[in-house]
There are 2 protein chains.
Amino acid sequence: MSLVAVGSMAFDAIETPFGKTDKILGGAATYISLAASYFVKPVKAISVVGYDFGDANIGMLKAHGVDMEGVQVKKDEKSFFWSGRYHTDMNSRDTLVTELNVLATFDPQVPDSYQDCEYLLLGNLSPDVQRQVIERMENRPRLIALDTMNFWMDIALDSLYATLKLIDVLIINDEEARQLSGEYSLLKAAKVIMAMGPQYLVIKKGEHGALLFNGGEVFSAPGLPLEEVFDPTGAGDTFAGGFIGHLAKSGDISFTNMKRAVIYGSAMASYCVEKFGPEKLQSLKYEDIDSRVEEFVRLAHFELEF
Amino acid sequence: MSLVAVGSMAFDAIETPFGKTDKILGGAATYISLAASYFVKPVKAISVVGYDFGDANIGMLKAHGVDMEGVQVKKDEKSFFWSGRYHTDMNSRDTLVTELNVLATFDPQVPDSYQDCEYLLLGNLSPDVQRQVIERMENRPRLIALDTMNFWMDIALDSLYATLKLIDVLIINDEEARQLSGEYSLLKAAKVIMAMGPQYLVIKKGEHGALLFNGGEVFSAPGLPLEEVFDPTGAGDTFAGGFIGHLAKSGDISFTNMKRAVIYGSAMASYCVEKFGPEKLQSLKYEDIDSRVEEFVRLAHFELEF
């Protein structure tokens, strides 16, 4: 059940209709690791941070069971920084600032203690770096899942294609699935994308839930209607963390169990958006997750029999 | 199980990325009646048409079990005509032409033989006309469902409020729910709208499925991923027809059964969009409906137990 999570650990400054933050903790690997830590410990993180990341953040992650051995600390550089502003509908956002800093030269290291990796989640990063991590694993993990975004489709499509050939599960949103496949219909898009490599495809649809594809099978997970989406930052990473966390915990990678993993991922993401940044993910109880998952059951359940 | 369906019977000219029609059969009551006729016969229609509507259309509807006694034929006027063009994503459209014709002075008549009405579906029409139909029923039907659109919210909001007080189920889309309630969150919107009168609210989300609300309960029906949406015209009316048809057939208006009705409505709508206008609705088999409904079961089903 050894789980490795790769991605940025960073700072974000976020503006939503509900408020504004200064630099707060962010980054794909932060959200993924925190979410997955509710399912398995340790979560072995691979990332890079700068001198400014701080002992408090490292300590908080360690306290949640995140193994930081694979997280390089660059003493002369700053951490990755992103700043963005969400529109009123929370479905779109403008990037205000992107400072790559330590990410610009990220050379991911896989510590010896990570070589037992069975479940590998490659969070959103350059597809070159994602592929390097796979290549630096001595044995192929049992399951490799990958998140990416339209940015890499724009500037590094060939590298992304090369990386997609090596993975099992791709996790992207509907807009990205349409761009990657050139198809508007998500059913057609899924066929095109699965022919690129991944046997499993998760298409996230924000408030509308998520679709899971495998061969000719499709599963539709509902989106939980919420009174308020306070801050969507990290929701996709949190989904991915809950998804891989459930698979690693259960050790079952059947389609039936992957449907459950989508529900666990959705439940984790629905909590993430309730507060700024990863704040809510630091204070969840196991009962919270169970009760949220039960809400998904009630929300989606129907029977045809009378 | 007597079912009355009210709405326009009309002509549409439709442009989609896949093609273009001349004037073809359309109108809310046409789609509703055809869809509902797969569940109960007769479907007692209330509408108005012009001299141009034609015996062939009337005959086709009668052959599907639609009772045309409540459909007035105006010998000196033309039928309602709408023309529209869909955008590439099929989620938005431009209205090119609207000719009210017979609808401008529609004075709905309820024949004596319709006075046993138990299930009343008020398709999209002026809320004044919808309310008149309710008032002209000698006994209140067991269940009154209503479809409306943003147009009436813009120009006849007070009349719509008065009509909403009299109904049980409101069926609208997400954009309309947001406009009617002034709330972006559909959960908040549902609370505001149910306080206006209807105990039940269905929010249609197109390709993303539909939500059913009642008190504190919510049900999310998935949207069936389709290879192609050929023509979305009438999909909402078809949904409403399948929804009320299932309720009328089963005679069960519990929340549990209303969830099934949403699935049956979704299944009917998923067929409607496969061809231009109501063409597909004229040639369905009962087995088609059963197998599509089973697809919805497979699509949405998951279990938490291991």
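In this predicted model, helix 9 and helix 10 of chain B cross at roughly 115 degrees, and their axes come within 9 Å. The two helices are therefore roughly perpendicular to each other. Both helix 9 (255-272) and helix 10 (286-300) of chain B also supply residues to the side of chain B that touches chain A. A rotation of 180 degrees superposes chain B on chain A.

**Helix 9 against helix 10 in chain B**

- Helix 9 of chain B passes helix 10 of chain B in a right-handed crossing.
- From helix 9 of chain B, the residues in this contact are Ile263(B), Tyr264(B), Ser266(B), Ala267(B), Ser270(B) and Tyr271(B).
- Their partners in helix 10 of chain B are Asp288(B), Ile289(B), Arg292(B), Val293(B) and Phe296(B).
- By class, the residues of the contact between helix 9 and helix 10 of chain B comprise seven nonpolar, two polar and two charged.

**Relation of the two chains**

- Chain B is brought onto chain A by a rotation of 180 degrees with 0.0 Å of shift along the axis, and the RMSD is 0.0 Å.
- The two copies are thus related as by a two-fold rotation axis.
- Within chain B, the C-alpha nearest this axis belongs to His208(B), at 3.1 Å from it.

**The contact between chain A and chain B**

- Chain B contributes 28 residues to the contact, and chain A contributes 28 residues.
- On the side of chain B that touches chain A, at least two residues come from each of helix 7 (186-194), strand 14 (217-221), helix 9 (255-272) and helix 10 (286-300) of chain B.
- Helix 10 of chain B gives the largest share of that side, with four residues.
- The side of chain B that touches chain A holds 17 nonpolar, four polar and seven charged residues.
- Of the interface residues of chain B, 100% are also interface residues in chain A, so the copies meet through the same surface.

**Helix 1 against helix 8 in chain A**

- Helix 1 (residues 28-36) and helix 8 (residues 235-250) of chain A pack with their axes 7 Å apart, at an angle of about 40 degrees.
- That angle makes helix 1 of chain A oblique to helix 8 of chain A.
- The crossing of helix 1 of chain A past helix 8 of chain A is right-handed.
- Helix 1 of chain A makes this contact through Ala28(A), Tyr31(A), Ile32(A), Ser33(A), Leu34(A), Ala35(A) and Ala36(A).
- Helix 8 of chain A takes part with Asp237(A), Thr238(A), Ala240(A), Gly241(A), Gly242(A), Ile244(A) and Gly245(A).
- The residues of the contact of helix 1 with helix 8 of chain A are divided into eight nonpolar, five polar and one charged.

**Backbone features: cis peptide bonds and positive phi**

- In chain A, the peptide bond from Lys41(A) to Pro42(A) is cis, with omega near -5 degrees.
- Pro42(A) is placed in the loop between helix 1 and strand 5 (43-50) of chain A.
- In chain B, Lys41(B) and Pro42(B) are joined by a cis peptide bond, with omega about -5 degrees.
- Pro42(B) belongs to the loop between helix 1 (28-36) and strand 5 (43-50) of chain B.
- Asn101(A), a residue other than glycine, has a positive phi near 50 degrees, and Asn101(A) lies in the loop between strand 8 (93-99) and strand 9 (119-122) of chain A.
- Asn101(A) counts as buried, with 20 C-beta neighbours inside 10 Å.
- For Asn101(B), phi is likewise positive, near 50 degrees, and Asn101(B) is in the loop between strand 8 (93-99) and strand 9 (119-122) of chain B.
- Asn101(B) is buried, having 20 other C-beta atoms within 10 Å.

- Val102(B) is located in the loop between strand 8 and strand 9 of chain B, and Val102(B) is buried, with 26 other C-beta atoms within 10 Å.
- Although Val102(B) and Lys74(B) are 28 residues apart along the chain, their C-alpha atoms are separated by 7.1 Å.
- Beyond its neighbours within four places in sequence, Val102(B) is in contact with Val48(B), Val49(B), Gly50(B), Lys74(B), Glu77(B), Lys78(B), Ser79(B) and Phe80(B).
- Lys191(A) sits in helix 7 (residues 186-194) of chain A, and Lys191(A) is partly exposed, with 16 other C-beta atoms within 10 Å.
- A distance of 8.0 Å separates the C-alpha atoms of Lys191(A) and Gly215(A), which are 24 residues apart along the chain.

Definitions and conventions: Residues are numbered from 1 along each chain as its sequence is written. Chains are lettered from A and ligands numbered from 1 in the order in which they are written. This is a predicted model: local features need pLDDT of at least 70, side-chain atom pairs count only at pLDDT 80 or more; totals for chains, interfaces and linings use all residues. Copies are superposed by least squares on the C-alpha atoms of residues with pLDDT of at least 70 in both. Two residues are in contact if their C-beta atoms, placed from the backbone, lie within 7 Å. Axes are lines fitted to C-alpha atoms, for helices over the stretch in contact, and angles run from 0 to 180 degrees between N-to-C directions. Angles under 35 degrees count as roughly parallel, over 145 as roughly antiparallel, 65 to 115 as roughly perpendicular and the rest as oblique. A crossing is left-handed if the near helix is turned anticlockwise from the far one by less than a right angle, and right-handed if clockwise. Ala, Val, Leu, Ile, Met, Phe, Trp, Tyr, Cys and Pro count as nonpolar, Asp, Glu, Lys and Arg as charged, and the others, Gly among them, as polar. A residue is buried if 20 or more other C-beta atoms lie within 10 Å of its own, exposed if 12 or fewer, and partly exposed in between; C-beta atoms are placed from the backbone.
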